[in-house]
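Student: Please take a close look at one part of this model for me. Start with the charged pairs, then move on to packing and surface.

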Amino acid sequence: MMDQQISESLSARLIKAFMKFNRTRWHNAPASGLSQVETDILENIARANRRDNVPRVSDISMMLRVSSPTVTQHLNNLEDQGYVLRTQSKEDKRSVGISLTEKGDGALKSHLVRLEADFNEFIDYIGQDASEEMIKLLMQAHEFFNKMKALRENETM
């Protein structure tokens, strides 16, 4: 077993590390009283609202990669509890947009406080210097893979 680990290429080990991290639910810190899916829905609504968009069920469904009936079921629950508000579009009466209420905004803020507390524990675990280095490396990885994606998209045109 040890020989197999030694002979494994650096790139193969890096891929495994990325895949393992991808499966880690490091951001799994649902807002108090809500499921992770409901918290994810609130996050996506807030993200769209910050861009002056009012998402519809189909938009949220695409963002989360779940079916519209599943999103509708969670939205019904969130609306019943006062976290979201549905409004009919003035331009298209068939279209219903979703926005956060004050309660929904507050739930997201508490979620972010909890997430930050988790990361503070992580910083304590790996140390300040390693955290700074990790930030630098993750930003470099982000930049590299975005460049690779752009190059590949240009090749296919």
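**Salt bridges and a helix pair**

Tutor: The salt bridge count comes to six. The rule asks for a side-chain nitrogen of Lys or Arg within 4 Å of a carboxyl oxygen of Asp or Glu. The model is predicted, so local features need pLDDT of at least 70 and side-chain atom pairs count only at pLDDT 80 or more, while totals for chains, interfaces and linings use all residues. Residues are numbered from 1 along each chain as its sequence is written, and side-chain values use heavy atoms, with hydrogens and water left out.

Take helix 6 (102-126) and helix 7 (128-155). Helices are DSSP runs of H or I, at least four residues, numbered from the N terminus. In helix 6, Asp 105 and Lys 109 are four residues apart, so about one helical turn separates them. They form a salt bridge, with the closest N and O atoms 3.1 Å apart. Asp 105 counts as partly exposed because its relative accessibility is 33%. Lys 109 is exposed at 52%. The cut-offs are under 20% relative accessible area for buried and over 50% for exposed, with partly exposed in between (1.4 Å probe, protein chains only).

Glu 153 is partly exposed, at 41%.

Now the packing. The axes of helix 6 and helix 7 come within 6 Å and cross at roughly 115°. Axes are lines fitted to C-alpha atoms, for helices over the stretch in contact, and angles run from 0 to 180 degrees between N-to-C directions. That makes the two helices roughly perpendicular, a label for angles of 65 to 115 degrees. On the helix 6 side, Phe 122, Ile 123 and Ile 126 make the contact; on the helix 7 side, Gln 128, Ala 130, Ser 131 and Met 134 do. Contact means heavy atoms within 4.5 Å.

Met 134 of helix 7 is partly exposed, at 32% relative accessibility. It also belongs to a nonpolar surface patch with Phe 21, Trp 26, Phe 119, Phe 122, Tyr 125 and Leu 138, about 740 Å² of accessible area together. Patch residues have over 30% relative accessible area and no salt bridge; nonpolar side chains (Val, Leu, Ile, Met, Phe, Trp, Tyr) are joined within 5 Å, like charges within 9 Å. Areas come from the Shrake-Rupley method with a 1.4 Å probe; for residues, only the protein chains shown count as cover. Helix 6 supplies the largest share of the patch, three residues.

Notes: Angles under 35 degrees count as roughly parallel, over 145 as roughly antiparallel, 65 to 115 as roughly perpendicular and the rest as oblique.
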